[in-house]
Amino acid sequence: MIKQKKKETSIKKVESTFKIHKKKRNLPIFSNLIIINMKISALQQARAAYQPKLPQALKGVVKISEGSATKSVADEEAISKMFPNTYGLPIVTFECGETAVDYPAINIGVILSGGQAPGGHNVIAGLFDGIKKLNANSRLYGFLMGPGGLVDHKYKELTADIIDEYRNTGGFDIIGSGRTKLEKEEQFEKGLEILKELNIKALVIIGGDDSNTNACVLAEYYAAKNTGIQVIGCPKTIDGDLKNAYIETSFGFDTACKVYSEVIGNIQRDCNSARKYWHFIKLMGRSASHIALECALQTQPNICIISEEVEKKALSLDDIVTSIAQAVADRAAAGNKFGTVLIPEGLIEFIPAMKSLIAELNDFLAHNGEEYAAIKPAEQREYIIKNLSADNAAVYASLPAGVARQLTLDRDPHGNVQVSLIETEKLLSEMVANKLTEWKKEGKFDSSFNAQHHFFGYEGRCAAPSNYDADYCYALGYTASQLIASGKTGYMASVRNTTAPAAEWTAGGIPITMMMNMERRHGEMKPVIQKALVDLEGAPFKAFAAQRETWAKETCYVYPGPIQYFGPTEVCDKTTATLALEQAK
Ligand code: FBP
């Protein structure tokens, strides 16, 4: 009774402090979260003092160096016509300057867009420190809950005390995130209203390929209308698929992969101890298999499926199931009734027959979504089968009811199937179990098979950023401030040479149109940033392919352990294996 009373009094105390805190800062409703976080962990306290490292060129006076005109990766004619004001711009690089320039105070807006990724708060901190260094009277406004905040005029000013609370922390909760796609003129105009009202000179959109496509479309619109408002993008996504010759990696990939690899390592130690389960582990990454590949390189599982290879070799679902079942049978014959299988989240879309089915479903639902939604759930499956082409209808009809239904669920605002909802790990383990039962009858398998299922995705997206992501993100935000100071628009902040010590990193800007091509979305051809899939000729895949047969037969598990924030540099500042192999260091 006494205990309960004490608890209630302390909750009341926290609530009243919260009210004062909220009033003082004029925080929006959703920032209730901030209050709960008022009691911060010991690690968070120690981590708050971490000063992210910057490239040498950004530490003092900065000067800009411009390269020659650029072109898009593909579909030059179409892209140049659609982006007459932002096409063909030069790549820019920042260097150490000599003469300091006086900058006027400016107001900047920032948006966090799409899925969370560790380090987003540090991009904002770097941007804040960058614009304050240019002029201490500059101000930063955060639009709330993603691009929707710009359209709906929901924002808050990010002052020094707010920024300080979020330095080196995971999450996007400083202003929230969302997936609204900025594509309609009325949205651009609504955005313009608030940008003008707040006297904002530049908008920074922190997001993945789709969000940076939005950034470019918006940059073009504001340039075409001579609004004087610049738009700059920053490369975010744990998926690691926003990268190219100029963007080495998207932020968050490093931390998320380290978190998943820690847990995969723990599972491997568990299964090597109990020796009775096969663990089917699905890993996030909507399309590309970069996360699965990186985790495989860090932990050496028995099996890791790479979607891009499945597509290239035109493997069927049955081919994949058979190869897993064979590994299970071989290990069992050697007395090892346990193992681990890593499955990339996007696998289903890379199996050629499934890809064709999903493409037709995307088009069909884009045009008939409302009619489909109005049909009784019990009749929806038949409705889809009746309306698809014969081949795709047959594939659809062969799928277990749950997976078939998941394929017709609402798309995200960018028209993507929400692959994180499809339980591929269960689908595969069930099919492997069925195959092994058949083999048992045929005398080809003489053991037991017990599976456990896991899906790692959300667990890693808001982890406290590793040193790499803390530094990389801060440098990206700071670079964005320099792009703004240089009057650039339609650029993505780029920080490179990141396997070297941070002082040797280079910083600059890449025209976003340079990364674009035309793709079919929602049934129409649209300009979008080309996604970087796993390169089957690249060093990371080759390193994996050279070892996987041994990993399947033997038990070669590696246990990476948790991310270390304090300690020897070889432990704390290690980059991903992907980046190290790509840069051959
Ligand atoms: P972004 O591309 O926006 O960075 O998001 C990536 C991702 O984390 C994918 O890995 C995953 O499929 C998806 O977001 C999940 O989306 P949601 O957070 O809307 O469930």
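This is a short talk on a few local features of one protein model.

Good morning. The model is predicted. Mean pLDDT for the chain is 91, and 92% of the residues reach 70 or more. One stretch is another matter. Over residues 1–37, pLDDT stays under 50. The model has 33 contacts beyond four places in sequence for that stretch. Still, where pLDDT is low, the predicted coordinates should not be read in detail. I leave that part alone.

Let's go to helix α6, residues 120–134. Glycine 126 is found there. Is glycine 126 buried or exposed? Its relative accessibility is 0%. The limit for buried is under 20%, so glycine 126 counts as buried. What does it touch, beyond neighbours within four places in sequence? Glycine 126 contacts Tyr474, Gly477 and Tyr478. Look at the numbering. Glycine 126 and tyrosine 474 are 348 residues apart along the chain. Yet their C-alpha atoms are separated by 4.4 Å.

Next, strands. Strand β7 covers residues 230–235. Six of its six residues are buried. In a regular strand the side chains alternate between the two faces of the sheet. Now check β7 against that. Gln230, Ile232 and Cys234 are on one side. Val231, Gly233 and Pro235 are on the other. Both faces are covered. Strand β7 also has a partner, strand β6, residues 200–207. The two pair in the parallel sense, over six bridges.

Compare another pair of strands. Strand β14, residues 516–521, and strand β15, residues 524–529, pair in the antiparallel sense. Here too there are six bridges. Arginine 521 has glutamate 524 in β15 as its bridge partner. This is a hairpin, with two residues between the strands. Histidine 522 takes a positive phi there, near 55°.

In α17, residues 390–398, the buried residues are Asn392, Ala393, Val395 and Tyr396. Why do we put them on the same side of α17? Because they cover an arc of only 165° around the axis. Keep the helix rule in mind. An α-helix has 3.6 residues a turn, so residues three or four places apart point the same way. On the other side of α17, Ala390, Asp391 and Ser398 are exposed. And what do the buried residues pack against? They pack against α15 (352–374), α16 (377–387) and α18 (401–407).

Last topic, rings. There are 14 aromatic pairs. Take tyrosine 141 and tyrosine 155. Their ring centres are 6.0 Å apart, and their planes stand at 75°. Planes over 60 degrees apart count as edge-to-face, so this pair is edge-to-face. Tyrosine 141 is in strand β4, residues 139–143. Tyrosine 155 is in strand β5, residues 155–157. They sit 14 residues apart. Tyrosine 141 is buried, at 8% relative accessibility. Tyrosine 155 is partly exposed, at 32%. Ring pairs also bring in Phe143, making a cluster of Tyr141, Phe143 and Tyr155.

The charged end of arginine 47 sits over the ring of tyrosine 50, 4.3 Å from the ring centre. Arginine 331 lies over the face of phenylalanine 338. There the distance to the ring centre is 4.9 Å.

That's my tour. Thank you.

Key:
Residues numbered from 1 in each chain as written. Predicted model: local features only at pLDDT ≥ 70, side-chain atom pairs only at ≥ 80, totals over all residues. Heavy atoms only, no water. Pairing = 2+ DSSP bridges. Helix = DSSP H or I, 4+ residues; strand = E, 2+ residues; numbered from the N terminus. Phe/Tyr/Trp six-rings, centres within 6.5 Å; stacked < 30°, edge-to-face > 60°. Buried < 20%, exposed > 50% of the residue type's maximum accessible area, 1.4 Å probe, protein only. Lys NZ or Arg CZ within 6 Å of the ring centre and 35° of its normal. Contact = heavy atoms within 4.5 Å. Arc of directions from axis to C-beta. pLDDT = per-residue confidence, 0-100.
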